[in-house]
Amino acid sequence: MDPASAFSFDMSYCGPPPTLETLWGRWNFEPGLLSVLVLTALAGFVLLRQAEPRRQLAFAGAWLLAMVLFVSPICALSVALFSVRVGHHVALTMILAPLLALTLPARWGMRASLMPPLVLSTLALWLWHAPDFYTAAFTHPAIYWLMQVSLIASFTWLWLGLLRSQAAMAAGISALSSAIQMGLLGALLVFAPSPLYLPHLGSTLNFGLSPLEDQQLAGLIVWVPANLPLLALVLWRLILALRAEQAVAE
C-alpha cells in the first residue's frame with residue numbers, strides 16, 4: 001500500500017488536507033481554541049491596562065498573529081503543505097515569540113543566562129522537525145499543541161534574553177548561533193534528495209508542488225527569511241557592544 005494514502009488524518013488538529021476549492025471554507029472555530037484566545041485577551045487587558053503602550057501594542061500584535069495562524073485557513077493549509085507548516089513555525093518563533101518577549105516586564109531577562117534558552121529552543125526546533133516527531137504531531141491534538149507551545153515558550157525565553165540582556169556581545173553571539181543552526185536545518189531540507197515527511201507525500205500536488213519541491217521551499221523559508229530577524233539583532237547588538245567599548249575608551 002502507498003504510505004501516503006495509508007496515512008490517517010483522523011486525529012489531525014487542523015483536519016484533513018484541503019484542496020484549492022475547499023481551502024477558504026476551512027476556518028478553525030474549535031471552541032477550546034476560541035475560549036483560550038478570549039481568556040488570553042481578557043487576561044492581557046487586565047494585566048497590561050497600566051503598562052507602557054509599547055508592551056500593550058506588543059501583546060495586541062502577538063494576539064492578532066495567533067488568531068491568524070490558528071483560526072484562519074492557514075491552519076488547514078499547513079496540513080497539506082510542509083512549506084506552510086514551516087512558515088507557520090517561523091511566524092511563531094521569529095515574530096510571535098519576540099512580541100511576547102516585549103510584552104513581559106522590562107527587567108525580565110536583563111541578567112538571565114542566554115545558554116539555557118538557546119539550547120532549549122534549538123532542541124525544540126530540531127526535535128519537531130525530525131520526521132518521526134513531526135509526523136506524530138498529526139496523530140493527536142495534544143501532540144500538536146505540545147509542538148506549538150514548546151516552540152513558542154522556548155523561543156520567547158530566548159528572545160527575552162536576546163532583546164533584554166545587558167551583555168550585548170553575548171546576546172549577539174547567541175542570536176548568531178541560533179541563526180546558524182536554523183540555516184543548517186534549512187540547508188538540510190533544501191538539499192535532501194527525497195521528501196522526508198510522510199503526512200505531505202499525498203497532499204502537495206493539489207497546490208502545484210511535488211513533495212520534494214514543497215520540502216525545498218520550506219528549507220528556503222528556514223534558511224533565509226527566518227534568519228533575518230536574528231541577523232538584524234546580531235547587527236544591533238554588535239553596534240551596541242562597539243559603542244560601549246568606545247565609551248569606555250574615551
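User: What is the chain built from, helices or strands?

Analyst: In this predicted model, the chain has 11 helices and zero strands, and from the N terminus on the elements run α-α-α-α-α-α-α-α-α-α-α.

User: And how compact is the chain for 250 residues?

Analyst: Its radius of gyration is 19 Å, close to the 18 Å that the globule rule gives for 250 residues, so the chain is as compact as a globular protein of that length. Along its principal axes, the C-alpha trace spans about 70 × 45 × 25 Å.

User: How much of the chain is buried?

Analyst: Buried residues account for 47% of the 250 residues. As for contacts between residues at least 6 apart in sequence, 78% of them join residues at least 24 apart.

User: Switching to helix 5, how does its axis run relative to that of helix 10?

Analyst: The axes of helix 5, residues 82-103, and helix 10, residues 211-223, come within 7 Å and cross at roughly 15°. Because angles under 35 degrees count as roughly parallel, helix 5 is described as roughly parallel to helix 10, and the crossing of the two is right-handed.

User: Which residues make that contact?

Analyst: Helix 5 contributes Phe82, Ser83, Val86, Gly87 and Val90, while helix 10 contributes Asp214, Gln215, Leu217, Ala218, Ile221 and Val222. Sorted by class, the contact between helix 5 and helix 10 has seven nonpolar, three polar and one charged residues.

User: Where does histidine 88 sit, and why does histidine 88 count as buried?

Analyst: Histidine 88 is part of helix 5. Its relative accessibility is 3%, and because buried means under 20%, histidine 88 counts as buried.

User: What is histidine 88 in contact with, apart from its neighbours within four places in sequence?

Analyst: With those neighbours left aside, histidine 88 is in contact with Leu69, Phe70, Ile74, Tyr144 and Gln148. As for methionine 169, which is 81 residues from histidine 88 along the chain, the C-alpha atoms of the two are separated by 30 Å.

Methods
Residues numbered from 1 in each chain as written. Predicted model: local features only at pLDDT ≥ 70, side-chain atom pairs only at ≥ 80, totals over all residues. Heavy atoms only, no water. Axes fitted to C-alpha atoms, helices over the stretch in contact; angles between N-to-C directions. Helix = DSSP H or I, 4+ residues; strand = E, 2+ residues; numbered from the N terminus. Parallel < 35°, antiparallel > 145°, perpendicular 65-115°, else oblique. Left-handed = near helix turned anticlockwise from the far one by under 90°. Contact = heavy atoms within 4.5 Å. Nonpolar A, V, L, I, M, F, W, Y, C, P; charged D, E, K, R; others polar. Rg over C-alpha atoms; globule rule 2.2 N^0.38 Å. Buried < 20%, exposed > 50% of the residue type's maximum accessible area, 1.4 Å probe, protein only.
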